[in-house]
Amino acid sequence: MQELFDTNLIIERRDMQNLSYIFKNDDLFSQTGYKVLRNCQENGLIPCFKVNYNGKIKLVYDLTSYRPLQIILPLLKPEKFVSIILDLIDNIVNLGENGFIQINKIAFALDKIFINDKDKIAFVYIPYNESLNSFSNQIYEENVKKIIKEAIVTYKNLSVLELLRLYDDISEKKFTLENIKYYILEGRYNKQNIAFSEVEREQPILESNNGNSTINSTVSMIQPNAKLIGTGMAKTMEIIINKSEMIFGKNKDAVDILISFHPAISRVHCKIIYSNDRYYVCDLGSANGTYINGTKIKSFEAIQIGFDDEIMLANIVFILKRI
């Protein structure tokens, strides 16, 4: 679909109340698809009507009862984001089973997915002629996964362990939307189900009711009593640990400590966690891994560290020191 916009075959116009699409040529417009849209507007599709605009067909979508998902994402708690993903998947599956709706004609982008006044997902469906577009119907699933991943790494409130586990899962090509739904319902992306373990320590970090080791991942400011000394760079870096969680990486919008100069550092690479007077390191699914004292740690598993331990990201070494 994007190629139709890139080549100005369909032109988008937008204001606070309406989203509209102008078709350059009448043969781009599918009258049959428009009738399907008009009949399915209560099934997760935003209502629209057709008008004449300077001799061209224009579709106008009424947004007065909808909020863009992109606007509310920075305000969402992780559990609410997960419930929205579940609703999004259910909506797509239902539309796909409709028999008349062609999923690849839904505009899959963060700024074109909306939430209605009942907190339900609603899509923009554009009835264009399929023969003029080279995209396959199957590509929508990858587009949905891409949107979920984009949201997780873009917004700090969503870059938490449970959602970074989701990010890691959907990065696998064989991981389907049905897999996501199944694991959501199983609670895989619930905060209390994220496991924490120690390296060469006999005592558990914190016992939960079900016996698994867990800690609270709520971010807050703390009274600093430790710092990280970084080497392997042009000059020594000193980082005061003054938050309960600090994310390292090269995506400036998703991290607390920006390391943009090194190609081996991932967008969100790892996280330092402070809980119950102890410090932990958690790799966030980085491409090149995180090492503690020379040992590579598993992704999304928080490992306890002590003073003078070394944390290595690529060839950058941080040493935990007492202040």
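**Exercise 1. Find which residues touch the most other members of the largest nonpolar core.**

Step 1: The largest nonpolar core holds 80 residues, and Tyr61, Phe81, Phe123, Ile126 and Ile180 touch the most other members. A nonpolar core here is a set of buried Ala, Val, Leu, Ile, Met, Phe, Trp, Tyr and Cys residues joined through side-chain atoms within 4.5 Å. Buried is under 20% relative accessible area, exposed is over 50%, and partly exposed lies in between (1.4 Å probe, protein chains only).

Step 2: Helix H4 (residues 78–96) gives this core its largest share, nine residues. Helices (H or I, at least four residues) and strands (E, at least two) are DSSP runs, numbered from the N terminus.

Step 3: There's also a second, separate core of 24 residues, with Ile222, Ile241, Ile303 and Leu320 among them.

A word on the model: it's predicted, so local features need pLDDT of at least 70 and side-chain atom pairs count only at pLDDT 80 or more, while totals for chains, interfaces and linings use all residues. Residues are numbered from 1 along each chain as its sequence is written, and side-chain values use heavy atoms, with hydrogens and water left out.

**Exercise 2. Work out how H4 and helix H5 (residues 139–154) pack.**

Step 1: Their axes sit 12 Å apart, at an angle of about 170°. Axes are lines fitted to C-alpha atoms, for helices over the stretch in contact, and angles run from 0 to 180 degrees between N-to-C directions.

Step 2: Look at who makes the contact (heavy atoms within 4.5 Å). H4 brings Phe81, Ile85, Leu88 and Ile92, and H5 brings Tyr140, Val144, Ile148, Ala151 and Ile152.

**Exercise 3. Decide whether helix H6 (residues 161–170) is enclosed or open.**

Step 1: List the buried residues of H6: Leu161, Glu162, Leu163, Leu164, Arg165, Leu166, Asp169 and Ile170.

Step 2: That's eight of the ten residues, so H6 is largely enclosed by the rest of the structure.
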